[in-house]
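Dear colleague,

I am handing over the structure below. Please look through it before reading on; my notes follow.

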Amino acid sequence: MAAGLYPYFLPLTGHEGTTVTLGDQELVMCGSNNYLGLTSDPRVKKAAAEALDLYGTSCTGSRFLNGNLALHDLLEAELADFYGKPAAAVFSTGYQANLGVISALAGRHDMVFADSDAHASIVDGSVLSGAKLRRFRHNDADALGRRLAAAPEGAGRLVVVDGVYSMEGDLCALPELVATSRRYGARIVVDDAHGLGVLDGGRGTTSYFGLTDQVDLITVTFSKSLASLGGAVVGSEEVVHFLKHHARSLIFSASATPASAAAALAALRILRAEPWRAERAQENADYIRRGLARLGVSSGASSTPVVPLRTRGVVETLLLWRRLVDRGVYTNPVLPPAASPRLRLSFMATHTTDHLDRVLEALAAEADMFLGADEPDGSDET
Ligand code: PMP
């Protein structure tokens with residue numbers, strides 16, 4: 001810490017969206033999942049303030065018993081409509097949505113099959129369920145097929161994948177994974193935390209692949225494109241009803257605050273009305289990827305606003321993170337065991353060309369610290 005290389009829990013004193021304040025420094029924010037730039041949108045802030053005024057600061061209880069507002073129900077209805085699915089259930093975070101969905105649907109005689117890069121909440125939900133968890137090689141439908149084929153007869157089979165992988169910014173191989181799941185009679189859940197608001201004009205990964213009706217359940221978070229805090233699952237009436245009565249993370253935890261629910265609803269409406277935001281976030285990331293290619297720096301398999309920059313090791317990652325802070329750029333250092341060492345950058349619809357050029361300039365000044373486009377990355381991921 002004394003060396004100034006501890007990069008976590010940084011106490012920001014200003015958070016404008018595209019920029020943040022750390023000490024007396026203003027940094028271009030390239031470490032946030034605020035993809036559409038809506039956390040500071042006046043319409044979203046107004047909706048949150050009005051809900052705060054109307055309902056107070058908290059519902060102080062679970063939706064199940066005493067903390068359910070008509071606002072939560074309206075948000076569910078609009079999410080379901082957005083996805084063209086019959087029903088939705090709103091949780092208090094995306095983490096809790098995955099935890100509750102998986103642990104309610106799978107039991108100890110069942111099997112959960114998760115991508116090797118699946119989010120921690122998917123792994124934790126699987127462990128909580130008591131089902132056997134089998135990981136399969138990232139995006140490898142054949143590997144999934146082999147694991148499904150080996151499952152004991154009679155065991156329920158639940159496949160869970162991310163739509164967009166948050167460490168690499170790559171898409172899931174949804175068509176192949178859906179086909180394999182169907183072949184073996186498995187149900188499939190897609191966690192679209194990073195796809196909602198970003199892919200297909202904001203409609204997400206399942207829509208991008210034209211497979212929303214082939215996916216049994218979609219889980220989402222409000223803490224990224226929806227500029228709030230909360231999560232949800234969308235799916236059939238029957239399964240959602242079951243989840244609302246069996247998902248322990250929904251039943252035994254207080255509901256999303258009125259301000260959070262109202263902000264998410266306002267952001268969802270803006271997302272639908274302004275598809276240019278999704279496109280702009282992608283264009284901004286493309287601009288950075290092109291700049292990196294000119295520098296000979298690899299951005300891996302990224303094709304979304306999440307851009308990973310592989311570094312030469314753990315110490316180099318921390319040094320580089322610090323140097324970029326000194327140059328006015330905020331990034332996320334990622335270290336093993338989370339993933340192989342890298343800086344993770346994410347871009348927003350509201351970054352201006354000036355912001356992006358400042359970031360590229362800083363990256364160019366430190367380009368020798370990154371792995372080149374042709375260098376092997378020594379990844380520890382399977
Ligand atoms: N799934 C994925 C893929 C995520 O990246 C995250 C957040 N990092 C979550 C779920 C959890 O979302 P929340 O922040 O709403 O708990």
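Is Leu 271 buried or exposed? Leu 271 counts as buried, because 24 C-beta neighbours lie inside 10 Å, and the cut-off for that class is 20 or more. Please keep in mind throughout that this is a predicted model.

Leu 271 sits in helix α10, which covers residues 258–273. Leaving aside residues up to four places away in sequence, Leu 271 touches Leu 36, Gly 197, Gly 202, Ser 225 and Arg 277. Arg 289 is 18 residues from Leu 271 in sequence, and the two C-alpha atoms are 24 Å apart in space.

The whole chain

There are 13 helices and 14 strands in the chain. The radius of gyration of the chain is 21 Å, close to the 21 Å that the globule rule gives for 382 residues, so the chain is as compact as a globular protein of that length. Taken along the principal axes, the box filled by the C-alpha atoms is roughly 55 × 55 × 40 Å. Of the 382 residues, 53% are buried. Among contacts with a separation of 6 or more, 73% are between residues 24 or more positions apart.

UniProt lists residues 31–363 as "domain: Aminotransferase class I/classII large", in an unreviewed entry. In the model, that span is 44% helix and 15% strand, and its end C-alpha atoms lie 14 Å apart.

Helix α3 runs over residues 94–105, twelve residues in total. From its first C-alpha to its last, α3 reaches 17 Å, close to the 16 Å expected at 1.5 Å a residue. The helix is mostly covered: twelve of its twelve residues are buried. Those buried residues include Tyr 95, Gln 96, Asn 98 and Ser 103, along with Leu 99, Val 101, Ile 102 and Leu 105.

Which element gives the most to the shell around the ligand? That is α3, with three residues. The ligand is surrounded by 14 residues, of which the closest are Thr 93, Gly 94, Tyr 95, Ala 193 and Thr 221. Gly 94 and Tyr 95 are also on the list of buried residues of α3. Sorted by class, the shell holds ten polar, two nonpolar and two charged residues.

His 194 and Tyr 208

His 194 is placed in the loop between β8 (187–191) and α7. His 194 is buried, because 28 other C-beta atoms lie within 10 Å. Not counting residues up to four places away in sequence, His 194 touches Asn 33, Gly 163, Val 164, Ser 166, Lys 224, Thr 304 and Val 306. One of these contacts, Gly 163, is 31 residues away in sequence and 7.1 Å away in space, C-alpha to C-alpha.

Tyr 208 belongs to helix α7 itself, residues 205–208. With 19 C-beta neighbours inside 10 Å, Tyr 208 counts as partly exposed, because being buried takes 20 or more. Beyond residues up to four places away in sequence, Tyr 208 touches Leu 199 and Asp 200. Gln 282 is 74 residues from Tyr 208 in sequence, with 14 Å between their C-alpha atoms.

Backbone points to check

Where is the cis peptide bond that joins Pro 336 and Pro 337? Pro 337 is found in the loop between β13 (332–334) and β14 (342–346). Omega for this bond is about 10°.

Two residues other than glycine have a positive phi and deserve a look. Asn 139 has a phi of about 60° and is found in the loop between β6 (132–136) and α5 (141–149). Asn 139 counts as buried, because 21 C-beta neighbours lie inside 10 Å. For Ala 227, phi is near 55°; this residue is found in the loop between β9 (217–221) and β10 (231–235). Ala 227 counts as buried as well, with 29 C-beta neighbours inside 10 Å.

Regards

Key: Residues are numbered from 1 along each chain as its sequence is written. This is a predicted model: local features need pLDDT of at least 70, side-chain atom pairs count only at pLDDT 80 or more; totals for chains, interfaces and linings use all residues. Helices (H or I, at least four residues) and strands (E, at least two) are DSSP runs, numbered from the N terminus. The expected span of a helix is 1.5 Å times one less than its number of residues. A residue is near a molecule or strand if its C-beta atom, placed from the backbone, lies within 6 Å of it. Ala, Val, Leu, Ile, Met, Phe, Trp, Tyr, Cys and Pro count as nonpolar, Asp, Glu, Lys and Arg as charged, and the others, Gly among them, as polar. The radius of gyration is taken over C-alpha atoms; the globule rule is 2.2 Å times the number of residues to the power 0.38. Two residues are in contact if their C-beta atoms, placed from the backbone, lie within 7 Å. UniProt positions are given in the numbering used here, feature names are shortened, and annotations may be inferred rather than shown by experiment.
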